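Here's a friendly walk through some side-chain pairings and strand neighbours. Have a look at the structure first, then read on.

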Amino acid sequence: MPDLTVDQDVRLRRPAGIRSIWLGDTKVSYVPDGDVRLRPLQLLQDTTDEVWAAHPEYLDAAGHLMGSVGALLVEHGDRALLIDAGFGPQTHESPDGPVHAIHGGALVQNLAELGHAPEGIEAVAFTHLHADHLGWACHPAPGGDRPVFAHAEYLISEPEWDRRDLLEAQGMTEQVAALAPRVRTVTDGQEIFPGVRVRITPGHTVGHAEYVITGGGRRLIAFGDAMHSPIQVDHPDWSAAFDHDRAQTADHRRRLVAELAEPGTIGFGVHFADVVFGHVRQDGHGPAWHTLDA
């Protein structure tokens with residue numbers, strides 16, 4: 001069980017606010033867009049009622065697993081890259097399935113809090129092409145019809161974009177059309193920004209990408225949807241219902257957890273609650289997520 005303080009217990013039941021850390025000369029910040037409330041048994045189908053009864057710190061008063069929805073801002077000098085684009089100005093509720101409710105809309109305002117207009121973002125790099133990561137890239141700027149990120153390229157892993165037909169089959173033809181004119185595909189190991197490299201890790205989707213950011217003798221792994229909750233650090237075999245290949249994601253997650261335990265390594269979980277930045281440490285019961293006080 002994670003070695004959590006009372007404050008961290010509270011943070012596990014609320015979405016993350018703006019949080020920033022420095023990697024040498026590079027600043028990385030979580031930019032909130034909204035939150036998601038998930039049904040834990042439907043999300044992590046290998047769990048049981050007994051699991052969640054033993055871990056009430058992860059659940060809100062209604063029994064939902066709280067998650068964050070947003071993006072990662074990477075600043076180096078006067079340049080800015082965004083990783084993912086939130087859910088956008090919309091709300092979705094479902095009477096069943098893993099998602100109870102998800103809403104976005106705050107990303108542009110929170111970018112401004114961090115001193116950035118979306119027009120100044122040079123590129124948006126996507127971990128994958130799910131709606132809660134595409135968000136603002138597919139919506140016009142508030143009050144107009146121009147793209148929010150007016151001068152940005154959209155960086156998408158080559159195998160992910162090659163299978164955009166999977167999105168169209170799910171009714172996301174409009175999103176694909178909105179992305180297409182600005183897409184530049186990227187490949188495994190490619191440096192897309194100073195100190196930022198792509199790492200293609202299929203499993204959650206066919207071309208899911210992680211981004212490894214290095215600076216100041218440390219590295220940060222923005223691992224996208226390889227994990228949805230820090231409880232998966234303790235139990236990497238628990239794959240999410242959204243995973244394209246659950247066995248493949250479990251294999252990758254075991255390697256990822258071991259990597260996050262290496263010295264000088266920080267993890268970023270975009271859907272984690274208010275514990276988005278952390279590292280893995282071994283306690284008496286195995287690996288556990290330890291939050292950074294960013």
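## A buried ring and its partner

Let's start with Phe268, which is buried because its relative accessible area is 3% (buried means under 20% relative accessible area, exposed over 50%, and partly exposed in between, with a 1.4 Å probe and protein chains only). Before going further, note that this is a predicted model: local features need pLDDT of at least 70, side-chain atom pairs count only at pLDDT 80 or more, and totals for chains, interfaces and linings use all residues. Residues are numbered from 1 along each chain as its sequence is written, and side-chain values use heavy atoms, with hydrogens and water left out.

Back to the rings. Rings of Phe, Tyr and Trp (its six-membered ring) are called a pair if their centres lie within 6.5 Å; planes under 30 degrees apart count as stacked, over 60 as edge-to-face, and the rest as tilted. By this rule the count comes to seven aromatic pairs. In one of them, Tyr30 and Phe268 have ring centres 6.0 Å apart and planes at 45 degrees, so this pair is tilted. Tyr30 sits in strand S2 (residues 26-38) and Phe268 in strand S14 (residues 265-268), so the pair links distant parts of the chain, 238 residues apart. Here helices (H or I, at least four residues) and strands (E, at least two) are DSSP runs, numbered from the N terminus. Tyr30 counts as buried too, at 0% relative accessibility. Tyr30 and Phe268 also form one aromatic cluster together with Phe277.

## Another ring pair, and a charge over a ring

How do the rings of Phe223 and Trp289 sit to each other? Their centres are 6.2 Å apart and their planes are at 85 degrees, so the pair is edge-to-face. Phe223 lies in the loop between strand S13 (218-222) and helix H9 (231-234), while Trp289 lies in strand S16 (residues 286-291), so the pair ties together parts that are 66 residues apart in sequence. Phe223 is buried, with a relative accessible area of 0%, and Trp289 is buried at 3%.

Arg182 lies over the face of Tyr154, at 4.8 Å from the ring centre (a charge sits over a ring if NZ of Lys or CZ of Arg is within 6 Å of the ring centre and within 35 degrees of the ring normal).

## Salt bridges

Side chains of opposite charge can pair when their charged atoms come close. A salt bridge is a side-chain nitrogen of Lys or Arg within 4 Å of a carboxyl oxygen of Asp or Glu. A search of the whole structure finds 16 salt bridges. One of them joins the side chains of Arg37 and Asp60 (3.9 Å, N to O). This pair links distant parts of the chain, with Arg37 in strand S2 and Asp60 in the loop between helix H3 (49-54) and strand S3 (65-76), 23 residues apart. Arg37 is partly exposed, with a relative accessible area of 29%, whereas Asp60 counts as buried at 18%.

Arg199 takes part in a salt bridge with Glu210 (2.8 Å, N to O). Glu210 lies in strand S12 (residues 209-215) and Arg199 in strand S11 (residues 196-200), so the pair ties together parts that are 11 residues apart in sequence. Glu210 counts as buried at 0% relative accessibility, and Arg199 counts as buried at 19%. Arg199 also meets Glu259 in a salt bridge (2.8 Å, N to O). Glu259 is in helix H10 (residues 246-260) and Arg199 in strand S11, so this pair ties together parts that are 60 residues apart in sequence. Glu259 is buried, with a relative accessible area of 15%. Elsewhere, salt bridges that share partners join Asp7, Arg11, Arg14, Arg19 and Asp274 into one network.

Two strands pair if DSSP finds at least two bridges between them. S2 and S6 run antiparallel and are joined by four bridges, with Arg37 standing opposite Ala101 in S6. S5 and S6 pair in the antiparallel sense over three bridges, and here Glu93 stands opposite Ala101 in S6.

What sits in the loop between strand S5 (91-93) and strand S6 (99-103)? Gly97 has its place there. The hairpin of S5 and S6 has five residues between the strands, and Gly97 takes a positive phi near 85 degrees. Leaving aside its neighbours within four places in sequence, Gly97 is in contact with Arg39 and Gln42 (contact means heavy atoms within 4.5 Å). Gly97 and Leu41 are 56 residues apart in sequence and 9.4 Å apart in space, C-alpha to C-alpha.
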